[in-house]
Every structure is written in structure tokens, then in C-alpha cells.
Amino acid sequence: MTGGPQFRSGSWRPHSRRQSKLQRLAQKHPFLCVGLPFLTAVVGGSFVLLPTQQTKYEVRDKHIKTAPIAELQPKKREFDLQKEYFRMQKKGEWGEWEPKRVERPPEDEPVFDRYDK
């Protein structure tokens, strides 16, 4: 008996040397096996998705046409700085306001303040 199983050298494929016509064609022209199916899927997919997208936009346009224009536009009031100032003074919102500094923890103080002292 010999030391172990013996394997044949060569390919794992069957011993048939004859290749099918499709295999020979694929070896000579790889675009036909990879590129052409890919391009067909991309172009075909765009034609399949086209009616779906068209329906989506038609429904949206129909909804917009049925809604009144005033409903679609937000109500805006005219802003004038001087009028706003006087309005806030009348309401008393301006009143006794004064700016105050927010206290920070010492580690959050700006770096340049530490070295000035």
C-alpha cells in the first residue's frame, strides 16, 4: 500500500476535452456573457420604472391643481424692523432686559484669558 490517496494532476473538470459552443463563445467574447446582460438589465429596468415614476408625478400634479393656491402658500406678514421695535416696546417685552454672561465651568474658559492673568 502507498502512503495516501493519489490525485490526478490537472483540472477538476471531467476529462471531456470538448467544450460546449456557449463556453467557447464566452471565452472568445466575454462582453456577450457579462456586459450585454448587464446593459440589458439597466436599460430594461429604466423602461420598467418609467411608468411608475410617471404615475407618481401625475398624482402629485393632480393634488396640487385641486388645492387652492392660498392653502399651499404659507401666510407671511410683512416685516419692518422699526414697526417690530415699537410693537415690542408696547408689549413690554423690551422692558427691563439686560445682557448677562452665562457662568461657565473653569475648564471651558477661553485659553487666552488664562494667560493674561
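Start by selecting Arg87 and Glu84: the two form a salt bridge, with their closest N and O atoms 2.4 Å apart (a salt bridge is a side-chain nitrogen of Lys or Arg within 4 Å of a carboxyl oxygen of Asp or Glu). This is a predicted model, where local features need pLDDT of at least 70 and side-chain atom pairs count only at pLDDT 80 or more, while totals for chains, interfaces and linings use all residues. Residues are numbered from 1 along each chain as its sequence is written, and side-chain values use heavy atoms, leaving out hydrogens and water.

Stay on this pair for a moment. Arg87 and Glu84 sit three residues apart in helix α4 (residues 81-91), so about one helical turn separates them. Glu84 is buried, at 13% relative accessible area, whereas Arg87 is partly exposed at 29% (buried means under 20%, exposed over 50%, partly exposed in between, with a 1.4 Å probe and protein chains only).

Now for the surface. Select Leu22, Leu25, Phe31, Leu32, Leu36, Phe38, Leu39, Val42, Val43, Phe47 and Leu50, which form a nonpolar patch with about 1,100 Å² of accessible area together. (Patch residues have over 30% relative accessible area and no salt bridge; nonpolar side chains, Val, Leu, Ile, Met, Phe, Trp or Tyr, are joined within 5 Å, and like charges within 9 Å. Areas come from the Shrake-Rupley method with a 1.4 Å probe, and for residues only the protein chains shown count as cover.) The elements giving two or more residues to this patch are α1 (21-28) and α2 (30-66), and α2 supplies the largest share, nine residues. (Helices are DSSP runs of H or I, at least four residues, numbered from the N terminus.)

Finish on Val43 in helix α2, partly exposed at 44% relative accessibility.
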